[in-house]
Amino acid sequence: MITLTDFLVVSVALFCIGLYMIVSKHNAIQILIGIELMLNAAILNLVAFGKYDKLNNGGQVFALFAIVLAAATTAVALAIILNVYRRYKTIDPGEVNRLKD
Amino acid sequence: MKTFLSYEDSLTLFYALGAVLLPLLAFVVNCCMPGRRNKASGWISTGAILLSCVLSIIVFFNTWNKHTIHLQQQWFTIGYSKIYAGILLNNLSALMLLLVSVIALPVHIYSTAYMKEDGRYKRYFTWLSFFCFSMLALVVADNLVLFYSFWELVGFSSYLLIGFWFTKEKAIQANKKAFIMNRIGDVGLLIAILIIFAQYRTFDIVQLFGDGGLVGQSITKFGFWMGPIRGLPVVWQYIACGGIFLAVAAKSAQFPLHTWLPDAMEGPTSVSALIHAATMVAAGVFLLGRVYPLFTTGELDVMAVIGCFTAFMAATIALTQNDLKRILAYSTISQLGYMIMAMGIGAYASSLFHLVTHAFFKCLLFLVAGIVIHQMQHIKDDNNLDIDPQSITNMGGLRKKLPFTFIMAIIASLALIGLPLTSGYLSKDGILIQAFDWSDDKSWVFKLVPLGAVLTTWLTAFYVVRLIVKVFFGDLKLKKAHQHIDIHINDGGWQYKLPLILLAIACLFPLFSLNPLIYEQAWLFNGLTPTAHLERVNIYHTLIPAAVNILSLFIIYFGYAVYVKRKTHIFPQSGFLYKLSYNQWYFDEFYSRFIVKPVMMLSSVLSWFDNNIIDGFVNLLPKVVLLISKVAAWFDYYIIDGIIRLLVHIVESISNFVRGFQNGKIQYYLFSMLAIILALFIYLDLR
């Protein structure tokens, strides 16, 4: 029997992997993937907790919205990465440090 | 005081004023004149003094033996005392006015030739005119303050002229010495004037010393000096008289302040003739004449003794000196001693009479000396010799080279010795006779005064003969030492001869008295003592002149024999008396050892004190301040600034720490956020 805890454990694992990717990878695409992983961990939580709202299926609905929004943000993020690449000839966020003091 | 003068009197006053101010005008014009050797300056000064002389003669004839002319204006007010200044013309001042301008005229003419070669011709005449102005103003001043200011000016112009050749070290020394010596006298005079003012509340000479003046009404009793207005302790009277005597001694070169006069001979000879023989040195005697009533009998006795001593001492020094001008200087001191002595013994008129006659013959002697020195200088320059042109040891035989000068020198010398037919006889024998009269009713100590005076007369005869013989007789000693020298010298032009002739005429008796043998008949003598006419009562009046002059004649012959017949070493050149005389009685050494040296030592002590104590203290102060400020600076740097710097450092390190996060790496920011959130959670959990 798959319990809520198992869902949450997977979610936490996903979140942590995403988090690790975000802080450790040198490729913006991989970081973006990390962000997606974290987002999906959150969506998994929404879905998992959706069992407490059987009447309206609020969790699932909210998950759907989140997925759509995540797709949109990913598109935007990819566009930014593309532009960054055009300007700096790299997509390593460590190299793009013009904003430092 | 308002006085109404008649037309003639105001005209006379106007003339006197003109006589005084013309030399001042010449002085101002000469000051403004361009060129260092502008010959016009000589003629301006001479012209001014000529006019002065003419005016003085007019003034003299209008004033002599007539009433006193006195005009004054209010000068200034101190408290309630009004001080007047003006002109006083009586017999004494008219005589002095005449004398000064008449002596100054030949000297000016002589100077135009004598100073011809000098690089500072214009300056010479500028100062000479300035001196004449001061001296003429001095004799007509009616007021002690005015008198004092001109007295100072006379001293000052004398200072300028002694140091005229200011590139000579000796001249500088001499004018400093003269000035300092005169300052001592000036201080005395100032003190005396202030005491007189304190006693009588006026500076006016007529009110003080005139007939029935304030001084005449004063009496001394019970230790008090009672004037008509108020009284002072009698000691003030002594101090006033002492001060005046100090002034007289300084100006007229009397013991103990006489040492400046021989040194003053460093000036040009014409200056010596005018200032240091004839006029300025007589200012002291003139002052005595002005304030004569102030002195009491006892003080006059002291004065007579000092005058006699000075006369004797200077005559003994003149015996052995070798410098031509120095001999004459000591002779001047000696004759001035006679005048002071005459004042002391009450022979007021004879003293002033001697002043006048002495002025003429001594001026003549100096001008002769000037010619001789000038010619010796010519010989020196022509032959490139290294000799002292003033030393009589180099001279001799000049009688043939300078016949005119020789005759003039003889006339002047006879007058100086005081032989009959000359003016000197009239005045000097008057003094001698009155000195014997004076000592008649006194103790034997006072008999020494007339005896000393007579002895001095004989000494005078001897040194004058020595001088004349060494200069004019025998052979030129220079010729012996230097075989091949060329000698082209002569008496000089009319500018030399005319003044000499004028002065020589004034050395003879007819100008003063129709009777060449009896001084009481001299008009000048009678003019100054209208009331107290001495009777020819006792034997002195015939005996003394006869004895003195017969012995003088012997001495003259003796001197002539000694020096002309070449028995030169008849006198020992080494004895104590010789040394005493040659070294001028060691006065200079005495003064330098006992006065100059202690003063110098005192001043070096004071200078040490100043340098080390006062300056040391002053120098210590900045050091202390510097130290304090260093401490303050340290405190400021390390404590005050230190706190600020520490703060800055803290802020800086904090900000640097914070800056470390802003490294532009997005992942790092994210990591930081994560870490903070984790930390927050851990903190919240653990709480």
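Predicted model: local features only at pLDDT ≥ 70, side-chain atom pairs only at ≥ 80, totals over all residues.
Residues are numbered from 1 along each chain as its sequence is written, and chains are lettered from A in the order in which they are written. Local features need pLDDT of at least 70, side-chain atom pairs count only at pLDDT 80 or more, and totals for chains, interfaces and linings use all residues.

Chain B holds 26 helices and five strands (DSSP runs, H or I of at least four residues for helices, E of at least two for strands, numbered from the N terminus). Its C-alpha trace spans about 155 × 75 × 55 Å along the principal axes. Of its 687 residues, 47% are buried (20 or more other C-beta atoms within 10 Å of the residue's own, all placed from the backbone).

Chain B touches chain A through 10 residues on each side (contact: C-beta atoms, placed from the backbone, within 7 Å). Helix α26 (residues 666-686) of chain B supplies five residues, the largest share of the chain B side.

Within chain B, helix α3 (residues 91-114) and helix α21 (residues 494-506) cross at roughly 160°, and their axes come within 8 Å (lines fitted to C-alpha atoms over the stretch in contact, with angles from 0 to 180 degrees between N-to-C directions). The crossing angle therefore makes α3(B) roughly antiparallel to α21(B) (over 145 degrees). Residues of α3(B), including B:Pro106, B:Val107 and B:Ile109, meet residues of α21(B), among them B:Leu498, B:Leu502 and B:Leu503.

Note on methods. Contact = placed C-beta atoms within 7 Å. Buried ≥ 20, exposed ≤ 12 C-beta atoms within 10 Å, placed from the backbone. Parallel < 35°, antiparallel > 145°, perpendicular 65-115°, else oblique.
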